[in-house]
Amino acid sequence: MLRVTGLCKSFGGKPALHDVSFEVKRGEIHGLLGHNGAGKSTTLGIILGMVEPDKGEARIGGVSVQEDHAGALNQVGAIFESPAFYDYLSGWENLRILAGYSGWFDEKLAREVVERVGLTKRIRSKVGSYSHGMRQRLALAQALLPEPQVLLLDEPTDGLDPEGIKWFRDFILDLRKDRGMTVLFNSHLLAEVEQMCDRVTILREGRLVHEGSLDDLREEAPVYEVNLEPWDQAKAFLELNDAQVLAPGRIALPADADPALFVAALVGCGIRVAAFAPVRRSLEDLYLEISTSHSDA
Ligand SMILES: Nc1ncnc2c1ncn2[C@@H]1O[C@H](COP(=O)(O)OP(=O)(O)OP(=O)(O)O)[C@@H](O)[C@H]1O
């Protein structure tokens with residue numbers, strides 16, 4: 001549904017993106033992750049045709065954003081950077097005006113969308129009186145008005161309270177369930193991303209360091225909690241056999257290693273194996289491991 005290929009972008013000679021390629025499948029919820037300044041917003045800006053890449057292109061539904069901006073983006077609803085509204089007008093008037101910029105406003109559809117985002121009771125109030133969460137809901141309503149097939153969301157949960165974050169998560173999951181919506185969003189809230197996303201793309205300093213499901217990421221280097229004695233002898237064995245010691249008692253095996261054979265080999269070397277248990281790592285653990293290994297590189 002969405003594919004970026006070989007994206008490069010520099011600002012004032014300083015690279016912000018270097019050869020970034022990834023794809024988002026139809027009906028997938030995809031998280032774009034990375035530290036501050038990793039290039040997430042620049043990537044979303046290029047996909048939305050608001051930032052011109054130095055090299056590479058973005059395609060939505062097979063249509064190139066750079067060659068046919070309107071054709072590619074007519075399938076897309078977006079919240080990019082802080083949505084700007086007229087504070088002295090009501091939510092409804094804002095939707096009417098902002099949708100009017102793209103050429104049409106369907107009242108019936110707008111009422112349905114407003115109901116869907118839970119703003120019906122306050123839609124006639126001035127936006128200046130809205131909370132941050134209500135403004136985000138209005139922004140979502142605006143993004144959904146063109147009945148898009150793809151939603152692109154720049155930090156959609158930024159500044160929301162825990163209830164707002166949960167509401168957003170349920171909303172996006174329902175959109176996918178009911179309408180098969182494809183969603184790409186960037187976020188720093190790794191626990192949220194973990195609960196919502198089928199796959200993630202991780203950027204670091206403008207380069208792609210991972211694209212895939214969280215399970216792919218876990219399988220790349222399975223981690224075990226171990227209790228091995230004597231530890232010094234075990235550590236030497238592990239290092240000799242390409243296992244990584246992440247912390248005392250926590251190791252990563254090479255992806256193709258058979259843990260049972262590893263344990264047998266340890267025992268065969270006279271090492272006492274008191275514990276050897278796989279660890280289910282959270283996205284936060286995986287993200288920190290990737291960040292550390294790439295910053296060490
Ligand atoms: N318009 C611009 N002019 C100059 N530099 C820019 C511009 N936009 C982005 N950059 C630079 O490009 C790099 C990537 O920025 P970008 O905003 O894409 O990162 P990000 O991952 O979205 O960060 P954050 O999580 O802080 O929003 C940064 O070094 C940033 O300073």
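Predicted model: local features only at pLDDT ≥ 70, side-chain atom pairs only at ≥ 80, totals over all residues.

Visitor: Is E147 buried or exposed?
Guide: E147 counts as exposed, because it has 11 C-beta neighbours inside 10 Å.

Visitor: What is phi of E147 near?
Guide: Phi of E147 is near 50°, which is a positive value in a residue other than glycine. Most residues other than glycine have a negative phi.

Visitor: And what about phi of E155?
Guide: E155 also is not a glycine, and its phi is positive, at about 45°. E155 belongs to the loop between β7 and α6 (162-179), and it is partly exposed, with 19 other C-beta atoms within 10 Å.

Visitor: Back to the loop between α5 and β7, where is L145?
Guide: L145 has its place in that loop, between α5 and β7 (150-154). L145 is buried, because 22 other C-beta atoms lie within 10 Å.

Visitor: Which residues is L145 in contact with?
Guide: Leaving aside its neighbours within four places in sequence, L145 is in contact with L95, A99, L109, A110 and V113. L95 is 50 residues away from L145 along the chain, and the C-alpha atoms of these two are separated by 8.5 Å.

Visitor: What about the largest nonpolar core, how many residues does it have?
Guide: The largest nonpolar core has 63 residues, and those with the most contacts inside it are I47, I60, A141, L152 and V183. Helix α5 (residues 132-144) gives the most to this core, with six residues. In soluble globular proteins, nonpolar side chains tend to be buried together.

Visitor: Which residues does I47 touch?
Guide: Not counting residues up to four places away in sequence, I47 touches L2, V4, A58, V65 and L152.

Visitor: Switching to the ligand, which residues are around it?
Guide: Around the ligand are F11, A16, G34, N36, G37, A38, G39, K40, S41 and T42. By class, this shell has three nonpolar, six polar and one charged residues, and its largest share, three residues, comes from helix α1 (residues 40-47).

Visitor: Which strands does α1 lie across?
Guide: Helix α1 lies across β1, β2 and β4 (55-60), and it runs at about 120° to β1. Those strands belong to an open sheet of four, in the order β2-β1-β4-β5, in which the pairing is antiparallel.

Visitor: Which strands stand at the edges?
Guide: β2 (14-24) and β5 (63-64) stand at the edges, and each has a single partner strand, so one side of each is left without a neighbour in the sheet. For β2, seven bridges join it to strand β1 (residues 2-11), the two running antiparallel, and within that pairing S10 has P15 in β2 as its bridge partner.

Visitor: What about strand β9, how many of its residues are buried?
Guide: Five of the six residues of strand β9 (residues 199-204) are buried, so this strand is largely enclosed by the rest of the structure.

Visitor: Which strands does β9 pair with, then?
Guide: Strand β3 (residues 29-33) is joined to β9 by four bridges, and these two run parallel, with V200 in β9 as the bridge partner of G31. Strand β10 (residues 207-213) pairs with β9 in the antiparallel sense over six bridges, where I202 stands opposite H210. β9 and β10 form a hairpin with two residues between them, and E205 in the turn has a positive phi of about 45°.

Visitor: Which residues does a cis peptide bond join?
Guide: E229 and P230 are joined by a cis peptide bond, with omega at about -5°. P230 is in the loop between β11 (223-229) and α9 (231-240).

Visitor: To step back, how many helices and strands does the protein have?
Guide: The protein has eleven helices and 14 strands, and 34% of its 297 residues count as buried. Taken along the principal axes, its C-alpha atoms fill a box of roughly 75 × 40 × 30 Å.

Methods: Residues numbered from 1 in each chain as written. Core = buried A, V, L, I, M, F, W, Y, C linked by C-beta atoms within 7 Å. Buried ≥ 20, exposed ≤ 12 C-beta atoms within 10 Å, placed from the backbone. Contact = placed C-beta atoms within 7 Å. Near = placed C-beta within 6 Å. Nonpolar A, V, L, I, M, F, W, Y, C, P; charged D, E, K, R; others polar. Pairing = 2+ DSSP bridges. Axes fitted to C-alpha atoms, helices over the stretch in contact; angles between N-to-C directions.
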